[in-house]
Amino acid sequence: MRTELTPAALAPATLALDSRCTHGEGVLWCTRGQHVYWVDISGKALWQFHPASARSRHWSLPDRPGCIGLQDDGSLLVVLAKSIHRADIDAATDTQLPLQWLADVEKDTPHTRSNDGRADRCGNFVFGTMNEDAGKATDGRYYQYSHAHGLRPLPLPGVVIPNSVCFSHDGRTLYWCDSVTPVIMACDYDADAATTSNVREFARLANTRAEPDGSCVDALGRVWNAQWRAGEVSCYDPDGRLQQVLPVPVKNPTCAAFGGEDLQTLYIISSRLDHTHAELAASEQAGSLFSARVGVAGLPESRVRTA
């Protein structure tokens with residue numbers, strides 16, 4: 001692992017949708033509908049945005065959502081704080097979103113909730129749970145969910161705040177982190193067996209006050225990580241060297257995803273949490289969706305197999 005201290009600066013991201021979510025997270029792009037999806041964790045909502053028409057809509061959810069994934073039948077996998085559901089987007093109205101329960105998550109552990117996650121390259125979904133208790137012990141865990149096997153724990157160290165879940169092109173490397181430390185981790189990943197090995201440090205944030213949040217991978221195998229408290233998305237090459245920095249005009253970007261017809265637009269969602277009153281007054285668009293043309297394509301979002 002090496003860290004590049006003088007990365008290339010990209011033109012800043014600009015506002016795509018003034019959503020002002022309390023805690024936007026889990027952004028992804030659907031190539032079929034040309035939509036951006038994300039969740040507002042604190043607002044208990046799922047958002048959809050169609051850039052070509054500038055039309056957006058959002059639905060209330062029965063609990064706080066941690067993350068979402070696309071499924072191969074066109075539905076969404078919605079991971080709520082303590083349960084996993086199938087959301088029927090095709091049957092949704094502007095106010096109602098049909099949900100089907102699939103599994104519970106740590107139902108006997110009241111101080112944890114689901115957080116960041118993403119579909120792997122083999123049709124499963126990997127996500128983590130975070131510890132909301134004031135003691136902040138490493139009680140959070142990483143899991144793989146599939147329709148074939150249900151919920152299977154991954155043998156990774158316990159975490160406080162799981163984030164940065166994404167996968168290499170071949171699906172054999174899983175990137176992840178515990179956001180309370182300024183380090184993005186990597187490990188070997190066996191999707192069929194739901195096992196991990198060779199846990200190692202991938203990249204250490206240059207700004208030690210920042211926290212690594214959500215990540216995605218581009219067509220060159222580079223990891224793009226939204227960095228809480230840093231107002232930027234940082235791009236690391238496959239060896240963990242910092243290559244580029246994309247400024248975002250808000251304090252807390254939380255997650256990034258490649259989208260657009262050519263997959264060369266990076267969409268970044270953000271949060272209004274962890275701001276003083278003065279900071280929010282000076283940054284009214286915190287919690288909104290931003291975008292930037294970054295000169296490299298991403299990969300289509302992987303989908304969870306339903307059969």
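Start with the largest cavity: 14 residues line it, and the ones nearest its centre are Arg 118, Arg 121, Val 217, Leu 299 and Glu 301. Everything here comes from a predicted model, where local features need pLDDT of at least 70 and side-chain atom pairs count only at pLDDT 80 or more, while totals for chains, interfaces and linings use all residues. Residues are numbered from 1 along each chain as its sequence is written, and side-chain values use heavy atoms, with hydrogens and water left out.

- The structure holds two cavities of 30 Å³ or more. On a 1 Å grid over the protein atoms alone, a cavity is a set of points where a 1.4 Å probe fits but cannot get out, and lining residues have an atom within 4 Å of a point.
- The largest cavity has a volume of about 160 Å³; a volume is the space filled by probe spheres set on the grid points, which are joined across faces, edges and corners.
- Four strands, β11 (112–119), β15, β19 (211–217) and β23 (253–259), each give at least two residues to the lining of the largest cavity. A strand here is a DSSP run of E with at least two residues, numbered from the N terminus.
- Sorted by class, the lining of the largest cavity has ten nonpolar residues, one polar and three charged. Nonpolar covers Ala, Val, Leu, Ile, Met, Phe, Trp, Tyr, Cys and Pro; charged covers Asp, Glu, Lys and Arg; the others, Gly among them, count as polar.
- The second largest cavity has about 50 Å³ of space, and its lining includes Gly 26, Val 27, Leu 28, Ile 68 and Cys 255. β3 (24–30) and β11 are the elements that give two or more residues to this lining.
- Arg 118 and Glu 301 turn up again in the lining of the second largest cavity, having already been listed near the centre of the largest cavity.
- By class, the second largest cavity is lined by four nonpolar, two polar and three charged residues.

**The open spaces**

- The largest pocket has a volume of about 280 Å³. A pocket is an open set of points with protein on both sides within 12 Å along at least five of seven lines.
- Of the 17 residues that line the largest pocket, His 23, Arg 113, Met 130, Ile 161 and Trp 228 lie nearest its centre.
- The lining of the largest pocket has six nonpolar, four polar and seven charged residues.
- The second largest pocket comes in at about 160 Å³; among its lining residues are Cys 30, Arg 32, His 35, Tyr 37 and Arg 303. Its classes are five nonpolar, four polar and three charged.

- Strand β17 (residues 183–190) is mostly covered, with six of its eight residues buried. Buried means under 20% relative accessible area, exposed means over 50%, and partly exposed is in between (1.4 Å probe, protein chains only).
- β17 runs antiparallel to strand β16 (residues 173–178), and five bridges join the two; strands pair if DSSP finds at least two bridges between them.
- Tyr 175 stands opposite Ala 186 in β17, and four residues make up the hairpin link from β16 to β17.
- β17 is also antiparallel to strand β18 (residues 195–204), this time with seven bridges. Here Asp 188 faces Ser 197 in β18.
- Four residues lie between β17 and β18 in their hairpin, and Ala 194 in that turn has a positive phi of about 55°.

**Two buried asparagines**

- Asn 163 sits in strand β15 (residues 162–167). It counts as buried because its relative accessibility is 3%.
- Leaving out residues up to four places away in sequence, Asn 163 touches, among others, Glu 25, Tyr 142, Trp 176 and Cys 177. Contact means heavy atoms within 4.5 Å.
- Asn 225 belongs to strand β20 (residues 223–228) and is buried, with a relative accessible area of 0%.
- Asn 225 and Ser 164 are 61 residues apart along the chain, with 7.0 Å between their C-alpha atoms.
- The side chains of Asn 225 and Ser 215 make a polar contact at 2.9 Å. That is a pair of N or O atoms within 3.5 Å; within protein, one must be able to donate a hydrogen and the other to accept it, and residues adjacent in sequence count only if both atoms are side-chain atoms.
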